[in-house]
Amino acid sequence: MMSEKMQTRNYGIDFLRIISMIMIVTLHVLGHGGIIEGSELYPIRNKIIWLMEISSYCAVNIYGIISGYVGYGRKHKISSLIYLYFQVIFYTLPISIIYMIKSQSVDWNMLKIAVNPVQFNVYWYFTAYFSLFFFMPFFNIILDRFTRNEMKKLIVCILIIFSVLPTIFYTDYSETKNGYSFLWLASLYLLGGYMKKYNIVFLKRKCLFGYSFCVLFTWGMKIGIISNILDTFSDSKIDFVQYTSPTIILCAVFLFQFFKNIKYKKSIINFITFFSPISFGVYLFHEEPLIREYFINGRFVEYLSKKFISCMLYIIITIIVIWLVGSLVDKIRLILFEFFKIQEFCKWIEKKVYCLGERINKNLIE
């Protein structure tokens with residue numbers, strides 16, 4: 001029999017974390033790897049590659065929605081943020097040191113950036129999440145105290161102001177940085193929290209249809225099939241390939257709803273429980289600035305010179321290899337953290353911070 005924990009934990013969300021990270025790797029292989037830009041010389045391949053890109057584009061939004069769905073109703077401990085901070089530094093600091101040893105030079109500015117990833121925005125998602133963390137308790141209060149009708153109006157306002165209008169106007173007037181920001185991540189948190197509080201459920205077949213329709217519509221707009229038709233009625237150019245795009249948000253919602261409601265066999269659960277805790281480490285590993293510069297940026301353009309089938313296979317194999325290597329590295333990180341009791345150390349820091357806060361508060365009162 002499954003344990004109570006296995007019965008109550010939503011492994012669909014954990015599995016979606018894994019799938020979303022593979023999608024993020026796909027975006028970076030196609031984008032940073034230079035394949036999208038290079039494929040402009042190959043019209044047919046360019047269209048197929050854009051379909052792959054758009055199919056994966058909702059991955060970051062999925063992570064934002066998951067943060068709200070999982071975070072609502074949960075106590076947010078500062079120790080978890082400290083632990084995540086150490087996880088980030090595990091990648092930035094050693095890689096910077098290895099680089100300096102190899103180049104036989106000491107770059108103090110590089111070390112400063114490595115130990116201050118938030119200040120220097122080394123990883124935009126972590127920087128945005130770092131800020132979001134301190135607002136999560138207040139967003140949970142909003143979710144608790146607002147009525148369903150009030151929350152629905154708030155979500156609609158957020159989507160109109162931060163998604164629909166910027167997409168139509170083709171300008172980031174709301175300063176969400178097209179989704180690369182705390183503001184957008186906060187919006188997704190509220191959306192995820194709303195779906196959890198009111199147990200929003202979509203039928204699986206509608207999720208698959210909705211996701212497929214949104215991907216194909218966005219793709220049709222990008223490659224000109226649909227946009228050429230719309231251009232006959234309007235001179236405006238609408239770009240749906242951005243995190244804040246309505247169709248990309250819907251893709252994230254449909255995939256989230258689909259995976260959230262799936263039940264898995266024990267063999268699949270074993271796979272999920274192994275890879276899910278180390279999924280975020282894949283992002284930290286392959287997006288580390290030096291790793292990206294020397295091993296990813298513009299490194300995969302040569303795939304386009306191969307035959308179509310070979311080109312696609314090389315792209316898929318590269319995505320899988322990066323994901324597996326990143327997973328292996330973070331598994332090693334996880335083992336080291338457990339050996340050195342990093343989580344217990346983070347809890348100790350949390351306790352000291354709270355004690356210091358209580359002392360300061362007591363002195364102020366006196």
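Me: Is Asp14 buried or exposed?
Reply: Asp14 counts as buried, because its relative accessibility is 4% and the cut-off for buried is under 20%. Keep in mind that this is a predicted model.

Me: Which residue forms a salt bridge with Asp14 at 2.6 Å?
Reply: That is Arg9. The 2.6 Å is the distance between the closest N and O atoms. Arg9 counts as partly exposed, at 42% relative accessibility.

Me: And what about Arg17?
Reply: Arg17 meets Asp14 in a salt bridge too, at 2.7 Å from N to O. Arg17 and Asp14 both sit in helix α2 (residues 11–31). They are three residues apart, about one turn of the helix.

Me: How many salt bridges does the structure hold?
Reply: Four. One of them joins Arg292 and Glu287, with the closest N and O atoms 2.9 Å apart. Arg292 is partly exposed at 26%, while Glu287 is buried at 9%. As for networks, shared partners link Arg9, Asp14 and Arg17 into one.

Me: New topic. At what angle do α5 and α13 pack?
Reply: About 55°, with their axes 9 Å apart. α5 covers residues 59–71 and α13 covers residues 246–260. The two helices are therefore oblique to each other. The crossing is right-handed.

Me: Which residues make the nonpolar surface patch?
Reply: Val156, Ile160, Ile161, Val164, Ile168, Phe169 and Tyr173. The patch is about 580 Å².

Me: Where is Tyr173 found?
Reply: In the loop between α9 (148–169) and α10 (182–197). Tyr173 counts as partly exposed, at 38% relative accessibility.

Conventions: Residues numbered from 1 in each chain as written. Predicted model: local features only at pLDDT ≥ 70, side-chain atom pairs only at ≥ 80, totals over all residues. Heavy atoms only, no water. Patch = residues over 30% accessible without salt bridge, like charges linked within 9 Å, V, L, I, M, F, W, Y side chains within 5 Å. Areas by Shrake-Rupley, 256 points an atom, 1.4 Å probe, with all protein chains shown as cover. Salt bridge = Lys/Arg side-chain N within 4 Å of Asp/Glu carboxyl O. Helix = DSSP H or I, 4+ residues; strand = E, 2+ residues; numbered from the N terminus. Buried < 20%, exposed > 50% of the residue type's maximum accessible area, 1.4 Å probe, protein only. Axes fitted to C-alpha atoms, helices over the stretch in contact; angles between N-to-C directions. Parallel < 35°, antiparallel > 145°, perpendicular 65-115°, else oblique. Left-handed = near helix turned anticlockwise from the far one by under 90°.
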